[in-house]
Amino acid sequence: MEYITIALAKGRLAELTIDLLEQAGLDISELREKSRKLIFTDEKNKFKFILVKATDVPVYVEYGAADIGVVGRDTLLESGKNLYEMINLGFGACRMAVAGPKELEGHLDEIHNMRVATKYPQIAKNYYHHVKKQSVELIKLNGSVELAPLVGLSEVIVDIVESGKTLKENGLVVLEEICDLSARFVVNRVSMKMESERILALVEKIKTLLG
Ligand code: PRP
């Protein structure tokens, strides 16, 4: 029997996913040990787990280096990859939003060539191009995005809002909602054909666990 490989996004999502996979009957004991290893094996069930950077999960799954991936919808949308999205796992729930100073409330459409700072240029581009039909200047950042409007780098940001604490503590507010986000279970298109039985059995187990 061939191994089925699952790519996990390192960090908080991985921990929640590991709990779920264990409940679904996989042996993830090796993953629980604190180590710097990046690849783990469940010999009994013939599964492999690889730990990758969140933004790389869709890449591993698209190329078939992993059959399955667990990743946030934000990362998935930003990657633009065409994968089978099998389950909304529900955890890691947050939303993508346009945020900025409160004074801009109700005035966003009036700003000519508004500058938008974001870690998610594809999501922002889709939103302004297809939904708002507004021409904006996108500025790609890699973190601490809330800083941009505070120092005049941009008028607004497109970013993830979870508790809203980061916005609040930096004097910013949500100006527009873009979409809801949460962790997704995705599958490579070829793997879905070749290993459909084992993959669907795992999907069914997880769906039952999620209720
Ligand atoms: C994320 C996101 C927001 C913050 C939202 O950043 O980009 O900044 O979390 O969470 P909150 O609404 O609960 O405050 P992350 O922690 O990934 O850090 P980064 O800005 O360095 O990317």
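Residue numbers start at 1 along each chain as its sequence is written, and side-chain values rest on heavy atoms, leaving out hydrogens and water. In this predicted model, local features need pLDDT of at least 70 and side-chain atom pairs count only at pLDDT 80 or more, while totals for chains, interfaces and linings use all residues.

**View A. The largest pocket holds about 620 Å³ of space.** Here a pocket is an open set of points on a 1 Å grid over the protein atoms alone, where a 1.4 Å probe fits, with protein on both sides within 12 Å along at least five of seven lines; lining residues have an atom within 4 Å of a point. Points are joined across faces, edges and corners, and the volume is the space filled by probe spheres set on them. The lining has 27 residues, and Ala54, Asp74, Thr75, Tyr120 and Ile160 are the closest to the pocket centre.

View B. Two or more lining residues come from each of α1 (12-23), β4 (68-72), α4 (73-79) and β9 (156-161); α4 gives the most, with 5 residues. Helices (H or I, at least four residues) and strands (E, at least two) are DSSP runs, numbered from the N terminus. The pocket lies between domain 1 (4-92 + 182-210) and domain 2 (94-179), because both give residues to its lining; the bounds come from an automatic or database domain assignment. By class, the lining has 10 nonpolar, 8 polar and 9 charged residues (nonpolar: Ala, Val, Leu, Ile, Met, Phe, Trp, Tyr, Cys and Pro; charged: Asp, Glu, Lys and Arg; polar: the others, Gly among them).

**View C. The second largest pocket has a volume of about 340 Å³.** Look for Glu15, Ile18, Leu31, Lys34 and Leu51, the closest to its centre of the 16 lining residues. Both α1 and α2 (29-32) supply at least two residues of this lining, with the largest share, 4 residues, coming from α1. The classes here are 6 nonpolar, 2 polar and 8 charged residues.

**View D. The shell around the ligand.** Residues with a heavy atom within 4 Å count as near the ligand; among them are Lys119, Gly143, Glu146, Ile160 and Thr166. β9 provides the largest share of this shell, 3 residues, and the shell divides into 2 nonpolar, 5 polar and 5 charged residues.
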